[in-house]
Each structure stands twice: as structure tokens, then as C-alpha cells.
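Please read these points with the structure open beside you, and find each residue as it is named.

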Amino acid sequence: GLVDYLTTGRYQFFVDNIIPRLQSSDMTNIVILIPSYYDFIRIRNHFKRESLKFSQLSEYSTNKTITNVRRDFAEGNVKYLLTTERFFFFKRYKLQKVQQVVFYECPLYAECYTHYVNMLSEEGAVSTLLYNRRDGRSWFV
């Protein structure tokens, strides 16, 4: 149906266009926020298949993992940090030295968008939002 088409189309666009652009960039400390856990797993598996160095934070991450990932990210040891919107919803951690935020799709909660954009403290920091007219999040339109 339409949902499968949109999900597959977004994923393919992300894999074919966004990831190569991120790989060719000199930026590190890139947060990729993925609202759906299903999409999070799909993208995580793609990163593993392509041997891209990344870390991940989700609602299932332990406190020890969260501490280690946040430290490694702030020290620039991790180029990509994959995270879920539910991680934000339950934990609301602030990350340091974020150079780029990529929103895989519109977050369900507008405050999630604001939270991550406000972490962009580095000079030249950017954000990217994958959005299509069928997403229809009323807070964004």
C-alpha cells in the first residue's frame, strides 16, 4: 500500500542520496534521528552491511552504553550516531559537539525537532529533514 511505498521510497532515497553525501563530507558528529524503531533497525543494518563506523542510542540502551556513546561522540570518535525518537522521549539527553542532524522523517513531537536543532552549536552546523508532502505532520506544515 501507500505506507509501504513511502517507507521504501524514503529508505531508498536515504541510502542512495543522503548517506553518500554524508560520507563525502568532512563533518563528524552527525546525529541521525529516526522516529520509527523499524526504520532504525533497517538503517542500522545498512550501516553494518556497508561497514560504516557508527554508534547507536535507543530506548533499549543501558545507562553505561549511553554514557560511553555520549563521551565517544563528544570526543569525535564517532562519525554517525543513530538514535530513535523514543530515546529522546524517555531520556532527553543533550549531546555535545553536534555538527549535523539528519531527521529521517518528521519527528512525531515538535519538541524533539527543537531539542536536536538546538544542539547544533558548532560553526557551520547544519540540519537536514527528509520530508514529502504525504508526511502531513501538522506542526510542520
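1. Helix H3 covers residues 63–74, which is twelve residues, and from its first C-alpha to its last it reaches 16 Å, close to the 16 Å expected at 1.5 Å a residue. That expected span is 1.5 Å times one less than the number of residues in the helix. Helices (H or I, at least four residues) and strands (E, at least two) are DSSP runs, numbered from the N terminus.

2. Before going further, please keep in mind that this is a predicted model, in which local features need pLDDT of at least 70 and side-chain atom pairs count only at pLDDT 80 or more, while totals for chains, interfaces and linings use all residues. Residues are numbered from 1 along each chain as its sequence is written, and side-chain values use heavy atoms, with hydrogens and water left out.

3. Which residues of H3 are buried? They are Ile66, Val69, Phe73 and Ala74, where buried means under 20% relative accessible area, exposed means over 50%, and partly exposed lies in between (1.4 Å probe, protein chains only). These four residues lie on the same side of H3 because they cover an arc of only 125° around the axis, the arc being that of the directions from the helix axis to the C-beta atoms. An α-helix has 3.6 residues a turn, so residues three or four places apart point the same way. The cover over the buried residues of H3 includes strand E1 (30–34), strand E2 (54–57), strand E3 (80–84) and H4.

4. After H3 comes Gly76, which has a positive phi, near 80°. In the loop between H3 and E3 we also find Asn77, which counts as partly exposed at 36% relative accessibility. Leaving aside neighbours within four places in sequence, Asn77 is in contact (heavy atoms within 4.5 Å) with Lys53 and Asp72. By contrast, Asn77 and Arg10 are 67 residues apart in sequence and 28 Å apart in space, C-alpha to C-alpha.

5. How many salt bridges does a search of the whole structure find? The search finds two, a salt bridge being a side-chain nitrogen of Lys or Arg within 4 Å of a carboxyl oxygen of Asp or Glu. In one of them the side chains of Glu59 and Arg86 meet at 3.4 Å, N to O, and this pair links distant parts of the chain, since Glu59 is in the loop between E2 and H3 and Arg86 is in helix H4, 27 residues apart. Glu59 is buried, with a relative accessible area of 15%, whereas Arg86 is partly exposed at 43%. A salt bridge also joins the side chains of Asp72 and Arg71, at 3.6 Å, N to O; here Asp72 is partly exposed at 24%, and Arg71 is partly exposed at 40%.

6. Helix H5 (residues 110–117) has Cys112, His115 and Tyr116 among its residues, and these three are buried. They fall on the same side of H5 because the arc that they cover around the axis is only 90°. The buried residues of H5 pack against E1, E3, H4 and strand E4 (100–103).

7. Tyr104 sits in the loop between E4 and H5 and counts as buried, at 0% relative accessibility. Not counting residues up to four places away in sequence, Tyr104 touches Thr7, Arg10, Tyr11, Phe14, Leu33, Ile34, Asp39, Ile43 and Leu130.

8. Two backbone angles deserve a careful look. Most residues other than glycine have a negative phi, and most peptide bonds are trans. Ser51, however, has a positive phi near 55°; Ser51 is in the loop between helix H2 (37–49) and E2, and is exposed, with a relative accessible area of 64%. Arg92 likewise has a positive phi of about 55° although it is not a glycine, and Arg92 lies in the loop between H4 and E4, partly exposed at 42%.
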